[in-house]
Amino acid sequence: MKLVVNEQEYDVEVTPDMPLLWVLRDELGIKGPKFGCGIAMCGACTVHIDGRPVRACSYPASAVQGAVTTIEGLGQPDALHTVQHAWIEHQVAQCGYCQSGQIMSAAALLETNNNPSDAEIDTAMSGNLCRCGTYPKIRAAIKSAAQALRSQSVPQNDDAEGTA
């Protein structure tokens, strides 16, 4: 089967019921998505399929319809995604195990809502567990990233202050 992962096309020979997580980690060597619970309850394995967050540990590879993005494809070391920037700014990670899934869920939230309330953040992130309890830092980083995204999307108007 063919998969597009992080904008690169792969041809993989796997059983149709193999979870996407194993294809990513074992067949393609993409280690950002983590195995946590194996039953889609902790979110450590979260990736995007066409921008929508899915739990790769319980998502059959044969069901993938669209492009897969992992934490490795969200940003690049020299051009981090806004959420990755915010994570560093707020020093969110402790042990770090769940963080790629947390960042992927946060990025998906901000893709559809760049001004989430605390309740909306809690709802969107409720499927991502952190055993270190970094939830306050996660919320702060999401709010910071949301603000950065809003400021990037504000159209610049030279006439706004009547200077032109």
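Biologist: Let's start with Asp-118: buried, exposed or partly exposed?

Modeller: Going by relative accessible area, buried is under 20%, exposed is over 50%, and partly exposed is in between (1.4 Å probe, protein chains only). Asp-118 comes out at 32%, so it counts as partly exposed.

Biologist: Before we go on, which atoms do the side-chain values use?

Modeller: This is a predicted model, where local features need pLDDT of at least 70 and side-chain atom pairs count only at pLDDT 80 or more, while totals for chains, interfaces and linings use all residues. Residues are numbered from 1 along each chain as its sequence is written; hydrogens and water are left out, and the side-chain values use heavy atoms.

Biologist: Back to Asp-118, then. Which residue does its side chain meet in a salt bridge at 2.7 Å?

Modeller: A salt bridge here is a side-chain nitrogen of Lys or Arg within 4 Å of a carboxyl oxygen of Asp or Glu. Side chains of opposite charge can pair when their charged atoms come close. The one that meets Asp-118, N to O at 2.7 Å, is Lys-143.

Biologist: How many residues apart in sequence are the parts that this pair ties together?

Modeller: Helices (H or I, at least four residues) and strands (E, at least two) are DSSP runs, numbered from the N terminus. Asp-118 sits in helix 5 (residues 118-125) and Lys-143 in helix 6 (residues 135-153), so the pair ties together parts of the chain with a sequence separation of 25 residues.

Biologist: And which residues are linked in the salt-bridge network there?

Modeller: The structure holds 5 salt bridges. Lys-143 is partly exposed at 35%, like Asp-118 at 32%. The linked residues are Asp-118, Asp-122, Arg-139 and Lys-143.

Biologist: Which residue forms a salt bridge with Lys-2 at 3.2 Å?

Modeller: Lys-2 is exposed at 54%, and it meets Glu-9 in a salt bridge at 3.9 Å, N to O. Glu-9 is exposed too, at 52%. The partner at 3.2 Å is Asp-11.

Biologist: How many bridges join strand 1 to strand 2?

Modeller: Strands pair if DSSP finds at least two bridges between them. Strand 1 and strand 2 make a hairpin with 2 residues between them, and Asn-6 in the turn has a positive phi of about 50°. Val-5 stands opposite Gln-8. The strands run antiparallel, and the bridges number 4.

Biologist: Over to helix 3. Which residues does Thr-82 touch beyond four places in sequence?

Modeller: Thr-82 is in helix 3 (residues 82-89) and is buried at 15%. Contact means heavy atoms within 4.5 Å. Thr-82 touches Ala-145, Ala-148, Leu-149 and Gln-152.

Biologist: With which side chain does Ser-144 make a polar contact?

Modeller: Polar contacts are pairs of N or O atoms within 3.5 Å; within protein, one must be able to donate a hydrogen and the other to accept it, and residues adjacent in sequence count only if both atoms are side-chain atoms. Ser-144 lies in helix 6 and is buried at 18%. At 3.5 Å, its side-chain partner is His-90.

Biologist: Last one: how many disulfides are there?

Modeller: A disulfide is a pair of cysteine sulfur atoms within 2.5 Å. The sulfur of Cys-57 is 3.7 Å from the closest cysteine sulfur, in Cys-45, which is too far for a bond. Cys-95 is in no disulfide either, with the nearest cysteine sulfur, that of Cys-132, 3.7 Å away. The count comes to 0.
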